[in-house]
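Subject: Structure handover

Hello,

Here is the structure I promised to pass on. My notes follow it.

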Amino acid sequence: MSIPTSLGAARATQRVHILGAGPVGLVMAAMLQSMPGYAIRLYEKRPTYLRTRMVKLAPYLVADSLSAYAADEVDGDNVAAIFDATELEAGLRARRSVDPKLVTLIQEWSQGFCPLNIIEAGVSAMIDEGGPSPVERVPGNVSVDQAVAMVAPDDIMIDCTGCNSLLRNHLVPEQAGEANAAERNTYTLRLEYAVNVTFLYAAPYQCNEYCKYYKNRGNGQYKFIPAVDRIAQDAGVTHVFGIISVSAEDFAALPSQCKGDLLREQFPAVATSMDRFIEQINAETGGHVIGDIDVVRIPLNLYHARNATNRAWYAEPAGDHSDAGQHAFSKGSVFLVGDSAIGSPYFQSISLGIECAMFLADLLQQGIPMSDVRGQYETRIYKQWLRVYMRSKTIKHSKDIFERLDDTFGVLEKLKIY
Ligand SMILES: Cc1cc2nc3c(=O)[nH]c(=O)nc-3n(C[C@H](O)[C@H](O)[C@H](O)COP(=O)(O)OP(=O)(O)OC[C@H]3O[C@@H](n4cnc5c(N)ncnc54)[C@H](O)[C@@H]3O)c2cc1C
């Protein structure tokens, strides 16, 4: 990638480098573009948006009241316990500052499941229309060294490069005797190994907890746990996203991705749970699967960055570390936003990332010292992590019990009543 040498903007403006133009990087760029005073560079390695994977945006993203924000029963309790009133108000203010065009798009997309590339293309087109602050697109793959070299003392760098974040483990100086550089600034919890099954279905369908139970009657080791909703573009088409929990041995034997037919041929016991679900909804609705069934094996990890900014480089006493004081990250401000900061397979990660982008844009706009911006962002992200951790553990626990519902002693083994 060739890095432009001149921004072509007045120096009084704040330089912002956004690494990664996935959904979160794009929203981050759109938010800052709508505010005066920034010269934004948006770096992206993919030449076109081709990801058709369906994701669902959470309605809380554009909630304009605290009750709408905390509408989900479990998440609402967590939110009330973790955030104080002024923090919730700050979130509300950040959401209210979002460009109405973006709000309209998010409202459309949150009607149901929506292909990732439709979201990416929609925000991208909005950015191309321009705004008070210029956005310069820089194509190509940014390396760590290039990122470090780009940061001038007052610059802002926002890493939106996704779950394999470019900078996450570079936000703290290398520790003497550290065992694994990949864990330097990352906490990861493996929740389970899973086979994800996705397909479109030609009829409206809903599936609550009773439905999930009855659709799994007769399944032994493998249970098909579906998340079912309409697609955003058509209320008559349902998107089914099913998780089948598998052992580490199964996981190693499965292909990384395949179609439903190959799963039936090579792993019939796993495929039976999927087919039993499909047969039952066919019988109930008279509908049918549209097109291919996509199967992906995936480790379901819950993770977060212990530092979501470069604060640790500032804390490092000059002289105690060979890099401290010299390193670019002990001068500018670096933030992790989106999957680069936190990820959970059971939480709406994309919505969480977009929400954090809105919050950071609002913080930057307040004109407070950058050390305060870094501190407040860290606090916010840590609280979001607590929220995500609590919900993910609750869901995992419920899943563990659900998978043993017909086995009383199996259920008792999973319970911690007091
Ligand atoms: C099977 C599956 C189903 C999912 N379903 C849902 C769902 O229903 N709801 C939900 O909320 N979330 C879902 N997710 C998660 C969701 O896709 C992510 O949370 C979301 O894509 C994160 O957005 P992001 O912009 O942070 O990262 P990404 O989407 O990963 O984007 C990162 C961008 O950075 C670019 N990039 C990376 N490194 C570099 C580099 N060095 N230089 C330049 N560019 C770089 C990449 O090309 C990419 O465009 C799902 C994920 C999977 C795998």
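**Helix packing**

Helix 1 and helix 6 cross in a left-handed way. (A crossing is left-handed if the near helix is turned anticlockwise from the far one by less than a right angle, and right-handed if clockwise.) Helices here are DSSP runs of H or I with at least four residues, strands are runs of E with at least two, and both are numbered from the N terminus.

Two points on provenance. Residues are numbered from 1 along each chain as its sequence is written. This is a predicted model, in which local features need pLDDT of at least 70, side-chain atom pairs count only at pLDDT 80 or more, and totals for chains, interfaces and linings use all residues.

Back to helix 1 and helix 6 (residues 116–128): their axes come within 9 Å and cross at roughly 20 degrees. Axes are lines fitted to C-alpha atoms, for helices over the stretch in contact, and angles run from 0 to 180 degrees between N-to-C directions. Helix 1 is therefore roughly parallel to helix 6. The cut-offs: under 35 degrees is roughly parallel, over 145 roughly antiparallel, 65 to 115 roughly perpendicular, and the rest oblique.

Helix 1 brings Pro-23, Leu-26, Val-27, Ala-29, Ala-30 and Gln-33 to this contact. Helix 6 answers with Leu-116, Ile-119, Glu-120, Val-123, Ser-124, Met-126 and Ile-127. Contact means C-beta atoms, placed from the backbone, within 7 Å. By class, 10 residues are nonpolar, two polar and one charged. Ala, Val, Leu, Ile, Met, Phe, Trp, Tyr, Cys and Pro count as nonpolar; Asp, Glu, Lys and Arg as charged; the others, Gly among them, as polar.

Helix 1 also packs on helix 13, at about 25 degrees with the axes 9 Å apart. The two are therefore roughly parallel. Their crossing is right-handed. From helix 1 come Pro-23, Val-24, Val-27, Met-28, Met-31 and Leu-32; from helix 13, Ile-350, Gly-353, Ile-354, Ala-357, Met-358 and Ala-361. That contact has 11 nonpolar residues, one polar and no charged.

Helix 13 meets helix 14 (residues 370–402) as well. The axes come within 10 Å and cross at roughly 160 degrees. The pair is therefore roughly antiparallel. This crossing is right-handed. Helix 13 contributes Leu-352, Cys-356, Phe-359, Leu-360, Leu-363 and Leu-364. On helix 14, the partners include Val-373, Tyr-377, Arg-380 and Ile-381. The contact splits into 10 nonpolar, two polar and one charged.

**Ligand shell**

The ligand has 29 residues around it, the closest being Gly-20, Gly-22, Gly-162, Gly-338 and Ser-349. Helix 1 (23–33), strand 2 (38–44) and helix 13 (349–365) each supply at least two shell residues. Helix 13 gives the largest share, four residues. By class, the shell has 11 nonpolar, 12 polar and six charged residues.

**Domains**

Domain 1 covers 14–185 + 306–395, and domain 2 covers 191–301. These bounds come from an automatic or database domain assignment. The C-alpha centres of the two domains lie 31 Å apart. Across the boundary, 11 residues of domain 1 are in contact with nine of domain 2. The domain 1 side of that contact has five nonpolar, four polar and two charged residues.

Best wishes

Notes
A residue is near a molecule or strand if its C-beta atom, placed from the backbone, lies within 6 Å of it. Two residues are in contact if their C-beta atoms, placed from the backbone, lie within 7 Å.
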